[in-house]
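Here is a short walk through one model, from the overall fold down to single side chains. Have the structure open in a viewer and follow along.

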Amino acid sequence: MQVYDSLPSGLRLWLASASLPWSPVSAKKIWNRAGGARNPSAALMRLDAIEQAMLRRDAGVWTFKTGNAPGHRAAKP
């Protein structure tokens, strides 16, 4: 909890509304690499982009497992 409390307020707000469960360490690493100290908006956009990519990837896994993948045809009886 101490790591979370030490995050910049904008990053804490983003984590509170994120769709996926992020670790504060992972989010801070991306924040720093995206220049969050200089440009918080750009860093938040980068976090959004990464999260959306992860959600798309996860959706593809579940679509494939349920047999609804694009181009998938059900076996004929």
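What follows goes from the fold to the core, then to the helix faces and the charged residues.

## The overall picture

This is a predicted model, so keep that in mind when you look at the details. The protein has four helices and zero strands, and reading along the sequence gives the pattern α-α-α-α. Of its 77 residues, 22% are buried.

## The nonpolar core

The largest nonpolar core holds 13 residues, and the ones touching the most other members are Leu11, Trp14, Leu15, Trp22 and Leu47. As a general point, nonpolar side chains in soluble globular proteins tend to be buried together.

Beyond its neighbours within four places in sequence, Trp22 is in contact with Trp14, Leu15, Ala27, Ile30, Leu47, Ile50, Glu51 and Met54.

## Two tryptophans, one pair

How many aromatic pairs does the model have? The count comes to one. It is made by Trp14 and Trp22, whose ring centres are 5.4 Å apart with the planes at 75°, so the pair is edge-to-face. The cut-off behind that label is an angle over 60 degrees. Trp14 is buried too, with a relative accessible area of 9%.

Which residues of H2 are buried? They are Leu11, Trp14 and Leu15. Looking down the axis of H2, these buried residues fall within an arc of 100°, so they line one face of the helix. Over on the other side of H2, Leu13, Ala16 and Ser17 are exposed. The spacing rule is handy here: an α-helix has 3.6 residues a turn, so residues three or four places apart point the same way.

H3 can be read in the same manner. Its buried residues are Ala27, Ile30 and Trp31. They span an arc of only 105° around the axis, which puts them on the same side of H3. Just after H3, check the backbone at Gly35, which takes a positive phi of about 75°.

Ala43 is found in helix H4. Its relative accessibility is 0%, so Ala43 counts as buried. Leaving out neighbours within four places in sequence, Ala43 is in contact with Trp31, Ala34 and Gly36. Ala43 and Leu11 are 32 residues apart along the chain, and their C-alpha atoms are separated by 8.8 Å.

Ile50 also has its place in helix H4. This residue is buried, with a relative accessible area of 19%. Setting aside neighbours within four places in sequence, Ile50 is in contact with Trp22 and Ile30.

## Charged residues

Where is the nearest side chain of opposite charge to Glu51? Glu51 is buried yet has no salt bridge, and that nearest partner, Arg56, is 10 Å away. Glu51 sits in helix H4. Not counting residues up to four places away in sequence, Glu51 touches Trp14, Ala18, Ser19, Leu20 and Trp22.

A search of the whole structure finds one salt bridge. The side chains of Asp58 and Arg57 meet in it, at 3.1 Å from N to O.

Key: Residues are numbered from 1 along each chain as its sequence is written. This is a predicted model: local features need pLDDT of at least 70, side-chain atom pairs count only at pLDDT 80 or more; totals for chains, interfaces and linings use all residues. Side-chain values use heavy atoms; hydrogens and water are left out. A nonpolar core is a set of buried Ala, Val, Leu, Ile, Met, Phe, Trp, Tyr and Cys residues joined through side-chain atoms within 4.5 Å. Buried means under 20% relative accessible area, exposed over 50%, partly exposed in between (1.4 Å probe, protein chains only). Contact means heavy atoms within 4.5 Å. Helices (H or I, at least four residues) and strands (E, at least two) are DSSP runs, numbered from the N terminus. The arc is that of the directions from the helix axis to the C-beta atoms. A salt bridge is a side-chain nitrogen of Lys or Arg within 4 Å of a carboxyl oxygen of Asp or Glu. Rings of Phe, Tyr and Trp (its six-membered ring) pair if their centres lie within 6.5 Å; planes under 30 degrees apart count as stacked, over 60 as edge-to-face and the rest as tilted. Lys and Arg count as positive and Asp and Glu as negative; His and the chain ends are not counted.
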